[in-house]
Amino acid sequence: MAEKKIKIVVSGPYAAGKTQFINTISEIETVKTEAKTTKEGEKEKKDHTTVAMDFGRIKIDDEHTLYLFGTPGQARFDFMWDILGKGMVGLVVLVDSTDPATFHEARRIINYFESRYPAPFVVGCNKQDLKGAWSPEDIRTALDLGEEIKVLPLVATDKENVKRVLLELLDEIGKYI
Amino acid sequence: MAVKYYDILEEFIRDSGAEGAVLVSVDGLAIASVLPAGADEDRVAAMGAAILSLGERKISDYGLIFEKSENWENIAKKVYLLDYEKKVLHLVDGKNRVSDIIYHSKLSDLIVKRTLYGFLACGIIQREKKKERKLGFDLTRNLLNKIISKIKGL
Ligand SMILES: Nc1nc2c(ncn2[C@@H]2O[C@H](COP(=O)(O)OP(=O)(O)O)[C@@H](O)[C@H]2O)c(=O)[nH]1
Ligand SMILES: [Mg+2]
């Protein structure tokens with residue numbers, strides 16, 4: 001029997017924690033397609049970046065597998081965004097809560113998916129373990145999100161945290177079945 | 001098929017005086033090439049794909065929809081609106097996309113976007129509240145419950 005893929009997309013600005021989020025929850029080791037970063041600015045934050053994309057998978061039953069796809073960062077892989085957006089059941093948008101300079105990019109990412117693939121989505125305010133992290137309520141205001149959207153605290157290195165965010169998303173998805 | 005491509009590439013090189021030519025797919029893979037000795041087809045293809053996508057990031061705001069906020073009339077009374085701003089405000093109706101507003105107002109992209117963000121900042125308009133969300137997969141309640149218990153058990 002052909003495997004049926006159920007797709008959840010994990011997006012967010014550079015270094016928000018997409019790869020970390022997918023790694024923390026995946027059953028198999030995430031298929032990473034990382035390369036050394038070459039842009040000067042990018043090197044300060046981390047020395048690897050996701051070139052094409054990363055994904056994780058979680059087998060649901062004999063027929064169905066849940067895939068988590070991270071959106072690639074570089075502009076030259078923008079064509080992937082359409083492929084990922086099509087057919088997704090839900091979206092997690094991650095932001096680095098300690099880096100308000102990236103909130104604008106996060107808003108643009110939400111705009112992108114909202115205007116093309118308006119699936120249920122939640123926002124994960126990542127790196128809440130770090131000093132200076134903005135609170136989810138402040139991030140909600142910064143991203144101009146209404147009360148109907150869940151804006152959740154997150155530490156993507158912690159499995160229970162990642163599970164909670166996914167369960168909140170699945171709860172949202174349940175409202176549209 | 002590739003043979004035909006070579007003919008086209010050869011012709012292109014002859015007509016343009018270029019040193020070489022590569023036909024590249026959107027994901028940066030070489031489909032066919034006519035290159036001088038020593039040039040690496042894959043490298044040229046990857047560079048070409050990178051250059052092509054530089055100009056246009058897909059993350060743009062043209063598809064966004066705005067609507068007038070509840071108390072927009074009160075705010076509009078307090079701020080002085082220029083004629084072109086009134087035109088843009090009139091076109092904000094919860095249905096028009098940014099691209100429609102640009103088209104119908106005949107104003108430039110930049111002016112329309114700046115005006116909309118100004119409106120957004122002073123609360124005359126707001127982002128459309130999505131009433132309908134779409135799942136890209138035909139999920140059943142049963143399958144969703146399976147996914148939920150699987151994740152809980154991880
Ligand atoms: N302290 C802390 N660091 C995190 C957390 N999540 C991710 N990181 C780190 O932030 C950096 C960027 O994460 P990464 O997953 O590569 O970001 P991506 O660009 O969105 O894929 C990495 O060094 C991660 O280890 C978190 O919850 N807390
Ligand atoms: Mg990554």
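Which side chain makes a polar contact with the side chain of Ser11(A)? In this predicted model, the partner is the side chain of Thr71(A), at 2.9 Å.

Ser11(A) sits in strand S1 of chain A, which covers residues 4-11. Its relative accessibility is 0%, so Ser11(A) counts as buried.

## Nonpolar cores

The largest nonpolar core holds 32 residues. Ile8(A), Phe21(A), Val92(A), Leu166(A), Leu170(A), Leu139(B) and Ile147(B) touch the most other members. H6(A) supplies the largest share, 7 residues.

Ile8(A) touches Val92(A), Leu166(A) and Leu170(A), and its contacts also include Leu66(A), Leu68(A) and Phe69(A). A second, separate core has 29 residues, including Leu91(A), Ala106(A), Phe121(A) and Val123(A).

## The second largest pocket

This pocket has a volume of about 490 Å³. It is lined by 25 residues; the closest to its centre are Glu114(A), Arg127(B), Glu128(B), Lys129(B) and Lys130(B). Helix H4 (103-116) of chain A and strand S4 (125-127) of chain B each give two or more residues to the lining. H4(A) gives the most, with 5 residues.

By class, the lining has 14 charged, 7 nonpolar and 4 polar residues.

Conventions:
Residues numbered from 1 in each chain as written. Chains lettered and ligands numbered in written order. Predicted model: local features only at pLDDT ≥ 70, side-chain atom pairs only at ≥ 80, totals over all residues. Heavy atoms only, no water. Helix = DSSP H or I, 4+ residues; strand = E, 2+ residues; numbered from the N terminus. Buried < 20%, exposed > 50% of the residue type's maximum accessible area, 1.4 Å probe, protein only. Polar contact = N/O pair within 3.5 Å; in protein donor to acceptor, adjacent residues only side chain to side chain. Core = buried A, V, L, I, M, F, W, Y, C linked by side-chain atoms within 4.5 Å. Contact = heavy atoms within 4.5 Å. 1 Å grid on protein atoms, 1.4 Å probe; cavity = no way out; pocket = protein on both sides within 12 Å on 5 of 7 lines; lining within 4 Å. Points joined across faces, edges and corners; volume = space filled by probe spheres on them. Nonpolar A, V, L, I, M, F, W, Y, C, P; charged D, E, K, R; others polar. Lists of a residue's contacts leave out its neighbours within four places in sequence.
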